[in-house]
Amino acid sequence: MALSLTFHALISVLLHVSLISTAKHNSHHHTSHSQNQNQHLQQAYRALKAWKKVIYSDPKNLTADWVGPSVCSYTGIFCAPSPSDANTLVVAGIDLNHGDIAGFLPEPLGLLSDVALIHLNSNRFCGILPRSLANLSLLYELDLSNNRFVGPFPDVVLSLPSLKYLDLRYNEFEGPLPPKLFSNPLDAIFVNNNRLTSLIPRDFSGTTASVVVFANNDFSGCLPPTIARFADTLEELLLINSSLSGCLPPEVGYLYKLRVLDMSYNNLVGPVPYSLSGLGHLELLNLEHNMFTGTVPLGVCVLPSLLNLTVSDNYFCEEEGICSNLTSRGIAFDDRQNCLPDKPLQRSQKTCEAVLEHPVDCYDHECSAMAPLVAPSTAGPSITPGPAST
């Protein structure tokens, strides 16, 4: 499934790109002399010169023209008027996506204090992020995905006051996620496909994210009920293959803005909380390859916006009402490899009996020791989670 920014974030991106592209075109009318008199561009020149020295491979020659002080003419470098002075040209954006460039990020990059966008997707940059990135107080988007960065989660990104879009996926970051990540005013958080471990933090206070992707890490433990603190903003939550266990907390039903919920390829157990029937905007629900038991609840199957429901590779033994024939409503539905009588491609009776004779009581489960959640703010509809179906 293709992931996308929310509409308002996408509009912001387009406005930024339009601004810096226009500014780059206009920047050719500035003479090298005027640029040399600009302290901002002088600092940018120092930063980019230092960066080029630690680029070891550039098969597309994207940095071949990074020569001389006229940085606004460099490939991948975009200039725009300074937000504080329309008569001063500054480096506002860097876009080297899909460059296949090998190297690392040097400390002098902190001199690029005017930059709003850094896009380095699909390169071979490695090492750790320089602490000097903390100087980039205007940075709005940071895309470092598909590289070879290593080390613990880069805390330096948490000190960027203007950051809204953070994409660290497909790297080699390891260790726990810092709770502070979720108290920053980010709109999109992509940390999937790293080596992150430990539990998902329980402290989601102050979060504003609309898209959160944790997938393909090794977090382990339970999804904390405090996930409901995302209720006023969260639209996409992907936790695919994150080694999650325990029951799915009923508080997921508070996430009334969700359009995409993918919990597939984990070790989740117990019944599906009936509270999910309150997710009126949900379009895709994927619970594939877990150990859910009990009933596929009717409240989920009749969600008004539902387009795709996958419950395959679990241990469901019953489908309520229309759940047994969702395809008649034009909904993509997969219920293979369960324990559903009279349905094709199900698990063997012996396998089902072995699992179902030991039902999970989520109130007794190890994760139930987590503190109860206070209901989220009143910005959304009033949703009272019902009891877990059995």
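Trainee: Which residues line the second largest cavity?
Mentor: In this predicted model, the second largest cavity is lined by Val-272, Leu-285, Leu-287, Val-296, Pro-297, Val-300, Leu-309, Val-311 and Phe-316. That lining divides into nine nonpolar residues, with no polar and no charged ones, and the space inside comes to about 30 Å³.

Trainee: And what lines the largest cavity?
Mentor: The largest cavity, with about 60 Å³ of space, is lined by Trp-51, Ile-94, Leu-105, Leu-109, Leu-112, Ile-118, Leu-120, Leu-133, Leu-136, Leu-142 and Leu-144. Its lining residues are eleven nonpolar, no polar and no charged.

Trainee: Switching to rings, how many aromatic pairs are there?
Mentor: The count comes to ten aromatic pairs. One of them joins Phe-149 and Phe-173, whose ring centres are 6.5 Å apart and whose planes meet at 5°, so the pair is stacked, the angle being under 30 degrees.

Trainee: Where in the chain do those two sit?
Mentor: Phe-149 belongs to strand E8 (residues 148-152) and Phe-173 to strand E10 (residues 172-175), so the pair links distant parts of the chain, 24 residues apart.

Trainee: Is Phe-173 buried or exposed?
Mentor: Phe-173 counts as buried because its relative accessibility is 2%, and Phe-149 is buried too, with a relative accessible area of 0%.

Trainee: What about Phe-214 and Phe-219?
Mentor: Phe-214 and Phe-219 make an edge-to-face pair, at 5.6 Å centre to centre and 75° between the planes, and both residues are buried.

Trainee: Which arginine lies over the face of Tyr-315?
Mentor: Arg-347 does, at 4.2 Å from the ring centre, while Arg-169 lies over the face of Phe-190 at 4.4 Å from the ring centre.

Definitions and conventions
Residues are numbered from 1 along each chain as its sequence is written. This is a predicted model: local features need pLDDT of at least 70, side-chain atom pairs count only at pLDDT 80 or more; totals for chains, interfaces and linings use all residues. Side-chain values use heavy atoms; hydrogens and water are left out. On a 1 Å grid over the protein atoms alone, a cavity is a set of points where a 1.4 Å probe fits but cannot get out, and a pocket is an open set with protein on both sides within 12 Å along at least five of seven lines; lining residues have an atom within 4 Å of a point. Grid points are joined across faces, edges and corners, and a volume is the space filled by probe spheres set on the points. Ala, Val, Leu, Ile, Met, Phe, Trp, Tyr, Cys and Pro count as nonpolar, Asp, Glu, Lys and Arg as charged, and the others, Gly among them, as polar. Rings of Phe, Tyr and Trp (its six-membered ring) pair if their centres lie within 6.5 Å; planes under 30 degrees apart count as stacked, over 60 as edge-to-face and the rest as tilted. Helices (H or I, at least four residues) and strands (E, at least two) are DSSP runs, numbered from the N terminus. Buried means under 20% relative accessible area, exposed over 50%, partly exposed in between (1.4 Å probe, protein chains only). A charge sits over a ring if NZ of Lys or CZ of Arg is within 6 Å of the ring centre and within 35 degrees of the ring normal.
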